[in-house]
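Here's a quick briefing to keep beside the model while you look around.

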Amino acid sequence: MQQLIDFSYIAAVVGFILALKWLSSPVSAMRGVLIGEIASGVAVLATLFDPQVTHYKWIIITLIIGAAIGIPLGLVKMTAVPQRTALSHAFGALSAALIGIGEYYVGTPHLTKFEMLEIGLEVIIGSLTFTGSLIAAGKLQEILPQRPITYKGQNVVSLSTLGAAVVLMLMLMVHPEYTHLFQAMILVALLFGVMLVTPIGGADMPTVISLLNSYAGFSAALLGFVLNSKVLVVAGALDGASGFILSVIMCKAMNRSFTNVLFGAFGQVQVSAGKATEERTVRSATPEEAAAILAAANKVVIVPGYGMAVAQAQHKVRELFDGVTKRGIDVKFGIHPVAGRMPGHMNVLLAEADIPYDKLLDMDEINGEFPQTDVALVIGANDVTNPAARTDSSSPIFGMPILDVDKARTVMVIKRSMGAGFAGIENPLYYMDKTLMLFGDAKNFVGAIVRELAGGHE
Amino acid sequence: MPADFISSLFVFILAGFLGFELIKRVSPLLHTPLMSLTNALDAIVVVAAIIIAGRHETKLSTLLGLIAVAASFSNMVGGFLITDRMLHMFRAGKAKKP
């Protein structure tokens, strides 16, 4: 029987690898999910037949509870996907930490130094990921303030907290029987998780969510080390690698180092404020004028940002896409890697609105096309279009790769007001002669353009 | 160092590199489904939770195991469900739905 179970785990691992392989393209991705589901299902079923499992009643009940929690979380609206993802990181880390804690209490006081090290690391990472992810989910759900919360000497306090957890773990390696040390270690790690995420603001969420993804994966892999379970090691390593790669991509897209995201809250950076005080004029336009300009274009690139998600404007944007496409105008979307609150956020919202995915281009693909573009329409994006990132070395976002919307012949920006973006950085794009500001709520304004386009036609 | 650790490390390193190569190829288009899918796969932790809960060694370890069963199984179910829903939304331009 044990052998059969082991074989089912090997089959599961093969399934996991194929699932990720097939996710490389939207065409085969559905197949990837299916094989992942089968692989997981087989492994869970086989485990239920494990001779070590003697009590079934409560396992079945908790599996049903788990499904009852999981199904509604799988059915959330697409705009709620970032917070759902953060919450699932929390659940994953919680279960890894709890199993590690259980192993400690079963094993103590007979744990070797090495076993204690493995369990200690696993429980620390699992615990800090649990609270960190809860804070991230709270920020994304806007229960907690999205602004970075910072205070003087924060890094010292945070790092000392992490250090304290490590010291407690080292003490446990010598005295694994001191259960109160273990409890203290868990509390300190939970506290560090809170301290890790509270100073990080909304615009940095794509990086943080990826980083927490990575931690959740590595805590599962470490649990695999503790239990000597290779299937956990593989699944955790794959998840950890995935989160890690995404974090690196997000950091590159913001031209920031890992440590910078973790230890330097963006909102604090207030340089080049001097320029902002200058009186500069902007040109604004009405929906009629905007519709007329769009109708006269041959090639349009739409640049969506978090503002589109907040205004829930994706369906109106689809109507605009349809209306403009109907006139034979080429419309594409240019998507910055950190647009929105998690990696790929914009793509999912636009796909939900039924926009074909071959029209959704990432930054590297679209940037070469802006010089031939008649109209670049920016909807709720700000910093990712800021040309100061290319030209102004005193700007806090200097060096960050941006979407070169300023190279299009005309730029139209839908924006609520002239307020600076999340990072509080002035955007010179708005003062260019070729730029027209369209002031209003993204959803209403796009809706008004759609009506103008429909009315003006026929 | 125990032999179990060495063999686990072996598997970890190989799987990590394989993951790296595989995930590098995932289009940025699918980064959100990627995250929800890896989350669902990671929920395989549930098998360890089932065993620690089912072994019934101490009251505490059973209780912790049972909570872990619920938490990780909710991730498995929810993660696959939402990934499936998201991928259903991605359609190519040519195959237009009526």
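In this predicted model, α2(B) crosses α4(B) in a left-handed way (left-handed if the near helix is turned anticlockwise from the far one by less than a right angle, right-handed if clockwise). Helices here are DSSP runs of H or I with at least four residues, strands are E runs of at least two, and both are numbered from the N terminus. Residues are numbered from 1 along each chain as its sequence is written, and chains are lettered from A and ligands numbered from 1 in the order in which they are written. Since this is a predicted model, local features need pLDDT of at least 70 and side-chain atom pairs count only at pLDDT 80 or more, while totals for chains, interfaces and linings use all residues.

**The helix pair in chain B**
- Helix α2 (residues 31-42) and helix α4 (residues 59-89) of chain B pack at about 155 degrees, with their axes 8 Å apart; axes are lines fitted to C-alpha atoms, for helices over the stretch in contact, and angles run from 0 to 180 degrees between N-to-C directions.
- α2(B) and α4(B) are therefore roughly antiparallel (over 145 degrees; under 35 is roughly parallel, 65 to 115 roughly perpendicular and the rest oblique).
- On the α2(B) side, the contact includes Pro33(B), Leu37(B) and Ala40(B), and on the α4(B) side it includes Met76(B), Phe80(B) and Met86(B); two residues are in contact if their C-beta atoms, placed from the backbone, lie within 7 Å.
- The residues of this contact split into eight nonpolar, six polar and no charged; Ala, Val, Leu, Ile, Met, Phe, Trp, Tyr, Cys and Pro count as nonpolar, Asp, Glu, Lys and Arg as charged, and the others, Gly among them, as polar.

**Where chain A meets chain B**
- The contact takes 94 residues from chain A and 79 residues from chain B.
- On the chain A side, elements supplying at least two residues each include α1 (2-22), α2 (26-48), α3 (57-74), α14 (345-352) and β3 (360-362).
- α4(A) gives the largest share of that side, with 15 residues.
- By class, the chain A side has 57 nonpolar, 27 polar and 10 charged residues.
- Across the two chains, the axes of α4(A) and α4(B) come within 8 Å and cross at roughly 155 degrees.
- That makes α4(A) roughly antiparallel to α4(B), and their crossing is left-handed.
- The contact of α4(A) with α4(B) has 13 nonpolar, 11 polar and one charged residues.

**The two domains of chain A**
- Chain A divides into domain 1 (55-267) and domain 2 (274-456), with bounds that come from an automatic or database domain assignment.
- Taken over C-alpha atoms, the centres of domain 1 and domain 2 of chain A are 36 Å apart.
- Domain 1 of chain A puts 21 residues into the contact, and domain 2 of chain A puts in 18 residues.
- α4 (81-107), α8 (205-227) and α9 (230-253) of chain A each supply at least two residues of the domain 1 side.
- That domain 1 side has 14 nonpolar, seven polar and no charged residues.

- The axes of helix α5 (residues 113-140) of chain A and α8(A) come within 9 Å and cross at roughly 155 degrees.
- α5(A) and α8(A) are therefore roughly antiparallel, and their crossing is left-handed.
- Among the residues that meet here are Ile119(A), Leu121(A) and Ile125(A) in α5(A), and Val208(A), Leu212(A) and Phe218(A) in α8(A).
- The residues of this contact are 16 nonpolar, five polar and two charged.

**Backbone spots to check**
- The peptide bond from Thr108(A) to Pro109(A) is cis, with omega near 5 degrees, and Pro109(A) sits in the loop between α4 and α5 of chain A.
- Glu142(A) has a positive phi, near 65 degrees, though it isn't a glycine; Glu142(A) lies in the loop between α5 and α6 (154-174) of chain A.

**Confidence**
- Mean pLDDT (the predictor's confidence in each residue, from 0 to 100) is 89 for chain A, where 94% of residues reach 70 or more.
- Residues 265-277 of chain A have pLDDT below 50, and this stretch has 25 contacts in the model beyond near neighbours in sequence.
- Chain B has a mean pLDDT of 90, with 94% of its residues at 70 or more.
- The predictor gives the complex an ipTM of 0.93 and a pTM of 0.90.
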